[in-house]
Amino acid sequence: MKVNQSIENYGCDTVIEKLNLAKYINEVEDIGFTVIPPEIVASENTRKEILAKIIEIAEKKTGNTLKLDQNTNSGNYKAIPQTDSQFVLYQLLFEDAIFERWLMNEIILCLSSYFLNNQAQLSTMSSFIKWKGVNYKDSLGLHADTQPSPNGKLPSEWVDACNSVLCLTDYTKDDGALAVVPYSHKIARQPSADDYKKSNVIPVEAPAGSLIFWHGNLWHGAFPKLTDGLRINLTTFMNHRRIKTQECIKEKVTQEMLDRNPGKHFARMVGLNDSNGFDQNGPVLDGIINYGTEDQMKRFTFNVKDYKKRNR
Ligand SMILES: O=C(O)CCC(=O)C(=O)O
Ligand SMILES: [Fe+2]
C-alpha cells in the first residue's frame, strides 16, 4: 500500500484499520480491482432496500412490472445507451435518500478518498439492469472509465477515476458478470479492439451484496447474460474533482439533501467545493471556504477567506 497518498480531512487511516481494508486497497493497486465481501460492505437489509428502490424506479420509468427471475425490456424508458437486454438508470442520488446514505458509506468514502487523494467527486450514481441477451458484442465492451488525455493515454503516476458496483444480484459469468483484464490499469491507455483478442479477460464472480471496486484505468466490460432473469447493480463512479462529472450534480443538490448530510464529506462528493462555471462577477468562493480541502485553498493566489459571502 502506498503511504505517499496524503489524505487530509478524512479519517481514511482509521477506516482502513477498522474495516481491514488494506488488503483490498493493495489488490486495486496491484491487480486493478478487488471484491469486498457482503459482510463488510452493508447489511443484507440495506442491499434489499436498495434493490427494491431500484426496481421501483425502473418500474416507474419503463411502465413494466419487474421480477428478478424474469427477463424484461425498456418499455417506455428511453435514456441512452440501451440495448435489447440492458438499460441504465441515472442520477439515482436524486431519487431517494437511500442513495445519499450509500454515497456516505464508509467504504465508498474511504476508498475513493484514498485513490483520488481526498479530491473525489461523484461523477454518476447509476444502475445497470440486464436480462438475457448479448449486450456488448465480441469485445465485451472493453474500456477504461478514466477520461483519456488528448494523446489517448491514461495517467500512470496518479489516479483520475475509480469505480465500484454494489452487486444487488449474484454476479456469475453466465449471469453477465463484470469482465476485467487484470493488471491492465498499468498499461495506462484505453484498450483498442485488438486488445480484446490478446488479453486475459476474466469474469469477476461475486455474491449479491459484494462491492467490486476498480481502478479507473482498468479495462473492463461485461459478459453476455445467458440466463433468464435480471442482473442489477448500483454503480458509484468517482472522478478527481478537476474532471467534469458525467452527471449534472452540483446544480441539483437541495438544501434538504445538505441538511440530511451535514459536514464536508457529502458536500465535497457532490462538488460544492467547486468554484468553476462562474459568471462576470468571478468565482463564488463560499463553497470552497465552507467545504474545500486545505490543499484546494492554497491553490488560489489570494486569500479565499477574504471573499466570504460576497453580495451578488
Ligand atoms: O456491468 C457492465 O455492463 C459494465 C459497467 C461499466 O462499464 C461501468 O460501470 O463502468
Ligand atoms: Fe465502465
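Predicted model: local features only at pLDDT ≥ 70, side-chain atom pairs only at ≥ 80, totals over all residues.
**Entry 1: F213.** With that cut-off I looked up the neighbours of F213, leaving out residues up to four places away in sequence. I found that F213 touches Y24, V28, F33, T34, I36, L111, C162 and S164.

**Entry 2: the core around F213.** I then turned to the largest nonpolar core, which holds 74 residues. Within this core, I212 and F213 touch the most other members.

Entry 3: I checked how the protein chain is divided, and found domain 1 at 12-240 and domain 2 at 250-307. Taken over C-alpha atoms, the centres of domain 1 and domain 2 are separated by 28 Å. I noted that the contact takes 11 residues from domain 1 and 11 residues from domain 2. On the side of domain 1 that touches domain 2, I found that α5 (97-103) and β3 (120-130) each supply at least two residues.

**Entry 4: the chain as a whole.** I counted 11 helices and nine strands in the protein chain. The radius of gyration is 20 Å, close to the 20 Å that the globule rule gives for 312 residues, so I regard the chain as being as compact as a globular protein of that length. Along its principal axes, the C-alpha trace spans about 60 × 40 × 40 Å. I found that buried residues make up 40% of the 312 residues. I next took the contacts between residues at least 6 apart in sequence, and found that 78% of them join residues at least 24 apart.

**Entry 5: ligand 1.** Which residues are around ligand 1? I listed F128, D145, N163, L178, H220, G221, A222 and T235. Strand β8, residues 220-222, provides the largest share of this shell, with three residues. By class, I divided the shell around ligand 1 into three nonpolar residues, four polar residues and one charged residue.

Conventions. Residues numbered from 1 in each chain as written. Chains lettered and ligands numbered in written order. Core = buried A, V, L, I, M, F, W, Y, C linked by C-beta atoms within 7 Å. Buried ≥ 20, exposed ≤ 12 C-beta atoms within 10 Å, placed from the backbone. Contact = placed C-beta atoms within 7 Å. Domains from an automatic or database assignment. Helix = DSSP H or I, 4+ residues; strand = E, 2+ residues; numbered from the N terminus. Rg over C-alpha atoms; globule rule 2.2 N^0.38 Å. Near = placed C-beta within 6 Å. Nonpolar A, V, L, I, M, F, W, Y, C, P; charged D, E, K, R; others polar.
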